[in-house]
Each structure stands twice: as C-alpha cells, then as structure tokens.
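Please keep the structure open as you read.

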Amino acid sequence: MAIHNEIIVIGAGAAGLMAAIAAPGAIVLEKMPRPARKMMITGKGRCNFTNVKPWQEFNTHIHPKANVIRSAFYALPPEKVIEMLEQAGLPCVVERGERAFPESHKASDVVDTLVDLANKAGSRIICNCGVTSIEKSNEGFVLGTTKGVRYSCNKLIITCGGLSYPTTGSTGDGLRFARAMGHNVTRLYPSLTALVPKGYKNTEAVLEDAVFADEDLVPPSAKHIHRNYPFGPVGKQYYGRSMKNVGLDLIVDGEIVQSEFGDIDFTDGGLEGPIGYKVSRRAVKALENGSKVAVQINFKKDERPLKFDIAGYVGYERAVVTAGGVSTDDIIPKSMESRLVPGLYFAGEVLDIDADTGGYNLQLAFCTGYLAGTHANK
C-alpha cells in the first residue's frame, strides 16, 4: 500500500521548493536532513539568488539553448522572485551586475523563506527520504524510498539536481530516473569550475576519501584533477593571488576562442574567479574533446602576459553547476512536462540547461520549478 498524493516533487532544492509553492498541497521528498543544502553555499553563503537583467540580456548567459526557457522566465521573472520574497518579509538588494541578494546576505534566510512559503501553500517537505525507484502505472507513478515507505501520485516533478557538489545531495538520481523512463541525457560536464594549469597540482599523489562522480553517468576522465591533490610548483607560486581588471583569453588548439575582462583568483583548485568561471564551460568541453587548451592573462600596462597551458579541471566535487542533463528536446517548454511520459515534469539543474555565474542559475531553477508546479497543479 502506498501513500497517495496528487503531486509529488523529488528534491527540495531551489526548483523543488518553488514547485511546491506553485503546486499547493504537494509532497516534497528530500534525501538530505534539511532542504536546499546547495543553496546554503551559493555566493559563498551570501546567496546571489537572481539577476534582474531583461530577457534580451539574460538569455545571452544561458547555455546551450536559451529559447527553451523563455516561457519559464516570463512565468516567474526575476522581479517576481524578488517581490515574492519581500512580500514574505525578506528584504532584498540589487548590487553591481544586476545581481540580487537578500539584504542580510545570508543564504539561510532565502531558504527559510522559501520553505515557509511552501508550508503556507499546504505543501509538505519530508526530509531524510530519498527516492530509490520510480514505477510508471496506469494511474500515475509509484515511488520507493529509503524509509521503506512507498508513495504514489498522478503528477511527478523531478527536481533533484545534477552532479555538482555531491555532498549536498546532488548525485545524479534524477538523471538516472529520466534515463530509465526513456529520456535522452546529454553528455555531462562540470561547469563554473576551476581550470588547473600544468604544474599547479601534483597529480601523482595518492588521494584518500576523494569524491568522484558516478561512472555510470560520467566516464572517468584523465582531465579531471581532484581539488584535494597537493600543490605542484606552479600552484605553490600562484596560490592565493587575485588579479583585478585583467583580460583573459581562452586559447583552443592555438586559436583565441573567448575573451573576457574582470577578476581572476588562484585558489586551492586552480584558476577561478568571475572570468575564470566564464571560460570554464568551453574549456572543459574542449579538453574532453581532446583539444589543447591554454589561457593567457593580459594586463593593462606594458607587462608581459602570463601564458598557462591547462592540464585539466576540478570535477563535480566543487563545480558550481552541471552542464548537460535531460535533453530539452524531450520537454515541452511551455509546461516543463515530458513529451514521452505524460504527467512527468522536470525542472532545475537536472535539465540540459545551465548559465554563467551571477544569479542566472538559481533564476533558471526558480522559474522552471514554478512553471512545472503551475502546470502540474492544473
């Protein structure tokens, strides 16, 4: 016998909480002890939760296909997210780059507000309850859980993220469920991650207790250089440095393919910071495709540029987002419903949609979760 509810949401992250707000009375099953663990570390704990640029500018920061998110964006635009939070008693501020934060600069305040809104909508969040299986029945779906309790529903919304930051609960569960139900999962890459120059890490060291992505979703890669590797000579020389207002050229097979201007940080992982992140998506794909990748840092004055060959990248253990996911060709953009399985919806990072740093990714999670919840509730 299964506990039945009209709508069940798998995953109480940003997309799942917004789906629960838009679909009053939903049950949200969350594998972690508390909701939205990944949101708690967003923006170094300050939670840059959206970006108020208009669609014509916002969409230039979305990859690989922006148009599939257009309906979701207009269903819950950034201004409406801010209005929703402020009406719930959380003051917000917009800072440089049109980035929105809670006035308190505490991510926990955003999470608590969203949880409160979901509860007030009559939705119920059940933590420490991971979903282990999904069976499609004539009436809907039957879910097995780690608690041994079975749940059934007519509408199911999968919002359990990708592979990035697996310690927060994002371990690819939704991708496996999607694939098992016949959906295409596109090739997966870590995005918004550290690029590792040659000599930055001692990759010959032995790592203990390192977290790697599951091989059934992501084949092992020699280009994945775990953040826990000790520093090599280049890392010892540059670790801790920050460079402001510099140019960064991404060079693939000898040609400049992307140029950015801004700030760079040399961290315990490698080359990060705003413009390091901006080029990381393209760099990781190029590395995985067998291309030679380098970056050049250019200074304002007549200083010689720095030339770094890139050996690899930090993987999902500290990548901000997952590039790739459930193919948007399998999704109806106006509702987030599956084209293959009626009554099944996807939202958030589980989809093959990601964006640059700056509040864009959380906005994508919010608006796709809201659209999925709205249509599932009809």
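The paragraphs below go from overall shape to surface and charge, and then to ring pairs.

A word on the ground rules: this is a predicted model, in which local features need pLDDT of at least 70 and side-chain atom pairs count only at pLDDT 80 or more, while totals for chains, interfaces and linings use all residues. Residues are numbered from 1 along each chain as its sequence is written, and side-chain values use heavy atoms, with hydrogens and water left out.

Begin with the overall fold. The protein chain contains 9 helices and 22 strands; these are DSSP runs, with helices being H or I of at least four residues and strands E of at least two, numbered from the N terminus. Its C-alpha atoms fill a box of roughly 70 × 40 × 35 Å along the principal axes. The radius of gyration of the protein chain is 21 Å, which agrees with the value near 21 Å that a compact globule of 378 residues would have. That quantity is taken over C-alpha atoms, and the globule rule is 2.2 Å times the number of residues to the power 0.38.

How much of the chain is buried? Of the 378 residues, 57% are, where buried means under 20% relative accessible area, exposed over 50%, and partly exposed in between (1.4 Å probe, protein chains only). Contacts (heavy atoms within 4.5 Å) reach across the sequence: among those between residues at least 6 apart, 71% join residues at least 24 apart.

Now to charge. The protein chain carries 42 positive and 41 negative side chains, and the centres of the two sets lie 1 Å apart. Lys and Arg count as positive and Asp and Glu as negative, leaving out His and the chain ends, with each charge placed at NZ of Lys, CZ of Arg, CG of Asp or CD of Glu.

Finally, look at the rings. The structure holds 11 aromatic pairs: rings of Phe, Tyr and Trp (its six-membered ring) with centres within 6.5 Å, called stacked if the planes are under 30 degrees apart, edge-to-face if over 60, and tilted otherwise. One of them is the tilted pair of Phe-58 and Phe-73, at 5.0 Å centre to centre with 50° between the planes.

Tyr-238 and Phe-308 make an edge-to-face pair, because their planes stand at 80°, with ring centres 5.2 Å apart. Since Tyr-238 sits in helix α7 (residues 233-238) and Phe-308 in strand β17 (residues 306-313), this pair ties together parts 70 residues apart in sequence. Tyr-238 counts as buried at 8% relative accessibility, and Phe-308 counts as buried at 8% too. Ring pairs also join these two with Tyr-200, Phe-231, Tyr-239 and Phe-266 in a cluster.
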